[in-house]
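Please keep the sequence and the structure in view while reading.

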Amino acid sequence: MRTKQLRSKNGAVLELAKKLTLLFLLLTGLVVTGLPRGAAQKSRGAARPTRIPPKSVVLTFDDAVKSHVTIVAPLLKQLGFRATFFITHAWMNDQTDFLSWEEVARIHRLGFEIGNHSWTHGNFSKPESAAKLGEELQMVEKELAKVGVPKPVSFAWCGNAFGPDAIEQLRRNGYKIARRGMQPEIPYGQMQVGPSLNVQKHHPLLIPTTGDAYPDWTFEHFKKVLASTSLNEVIVLQFHGVPDVKHPWVNTPPEAFRVYMQYLKDNGYQTFAMRDLLAYYDEQKLPDDPLLKTQWSNPAPGKK
Ligand SMILES: [Zn+2]
């Protein structure tokens, strides 16, 4: 009898303990799902991939050259590479050597990023010219929209010239990332290796060019550009036409280009479009790049 009473008493205690545990779980559950949700989201934001994969290369192609659709895009597609094509209307009236809007759309449909390179390809480094940039960006966006290409988030500085007022225009027009040249670090026109991208140091609207493809590039120089990177840095390559009939000072011969791209493929390089780099930036904590306050244009403007 006593044992039975004890058992039933134990049973009641057990029931109470179960209920208390359930209540505790419910309460903590509420706390867990209620409180840390914001924190979890915040930590997801903070947990963005800050580690740049080794052997990362950004491929960019400027000036809407015809060979972008006939040679470059098909080859990159075949290799499974990513890239950005920067479109300017400046030379598009010449339909023999430059792209049509429909051809730009074809490159987009192949999966490549289309970036804005302004309507006139002007020098936007000075405040008076920078004031025109917003309208020029929109003119390109309007033509892209007509052929089904979404509004770009990437821009390439024309003639590699940049300035604070134009940066403000890019911001106002929703541009998140922009590529400059190897300057001011490397003197214009010299076959040297430019800075590789460090997302802790370089602002996304002033992404430096590591390798600017000049016609006198050799395979040795190409490999030197690739070897220049440190851990957690990205190689940014700037090409024009492959070939570039009308602008021979930035020509890349197709046979040399095939060798460069095959080398990337054979040696395990990972290619990126410009917009892919945004994943490595924290928009709330962008680097305080001193070049944001700098007005820069090359001594030989209008050549690119
Ligand atoms: Zn250009």
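Strand 2 is covered on both faces. Thr84 and Phe86 are buried on one side, and Phe85 and Ile87 are buried on the other. The model is a predicted one.

Strand 2 has a parallel partner in strand 1, with three bridges between them. It also runs parallel to strand 3, to which four bridges join it. The table lists residues that stand opposite each other in these pairings.

| Residue | Opposite residue | Strand of the opposite residue |
|---|---|---|
| Threonine 60 | Threonine 84 | Strand 2 |
| Phenylalanine 86 | Glycine 115 | Strand 3 |
| Isoleucine 87 | Asparagine 116 | Strand 3 |

Strand 3 covers residues 113–116, and both of its faces are covered too. Glu113 and Gly115 are buried on one side. Ile114 and Asn116 are buried on the other. Between strand 2 and strand 3 the chain passes through helix 4, and this β-α-β crossover is right-handed. A right-handed β-α-β unit is also made by strand 1, helix 3 and strand 2.

Alanine 73 is itself buried, as are Ser67, His68, Val72 and Leu76. The cover over the buried residues of helix 3 includes strand 1 (56–62), strand 2 (84–87) and helix 4 (101–109). Just after the helix, glycine 80 adopts a positive phi of about 75 degrees.

Next comes the nonpolar interior. The largest nonpolar core has 66 residues. Val58, Ala83, Phe85, Val104, Ala178, Leu237 and Leu277 have the most contacts inside it. Phe85 is one of the buried residues of strand 2. What does valine 104 touch, leaving aside its neighbours within four places in sequence? Valine 104 is in contact with Ala64, Ile87, Leu99, Ile114, Leu144, Val147 and Val149. Ile87 belongs to strand 2, and Ile114 to strand 3.

Phenylalanine 162 sits in a loop, between strand 4 (154–156) and helix 7 (164–172). Is phenylalanine 162 buried or exposed? Phenylalanine 162 has 30 other C-beta atoms within 10 Å, and 20 or more make a residue buried, so it is buried. Its contacts, leaving aside neighbours within four places in sequence, are Ser125, Trp157, Ile167, Arg180, Leu206 and Trp296. Leucine 205 is 43 residues away from phenylalanine 162 along the chain, yet their C-alpha atoms are separated by 9.7 Å.

Finally, the chain as a whole. Its secondary structure comes to nine helices and eight strands. Of its 304 residues, 38% count as buried. Among contacts with a separation of 6 or more, 77% link residues 24 or more positions apart.

Technical notes: Residues numbered from 1 in each chain as written. Predicted model: local features only at pLDDT ≥ 70, side-chain atom pairs only at ≥ 80, totals over all residues. Buried ≥ 20, exposed ≤ 12 C-beta atoms within 10 Å, placed from the backbone. Helix = DSSP H or I, 4+ residues; strand = E, 2+ residues; numbered from the N terminus. Contact = placed C-beta atoms within 7 Å. Pairing = 2+ DSSP bridges. Right-handed = clockwise from strand over helix to strand, strands pointing away. Core = buried A, V, L, I, M, F, W, Y, C linked by C-beta atoms within 7 Å.
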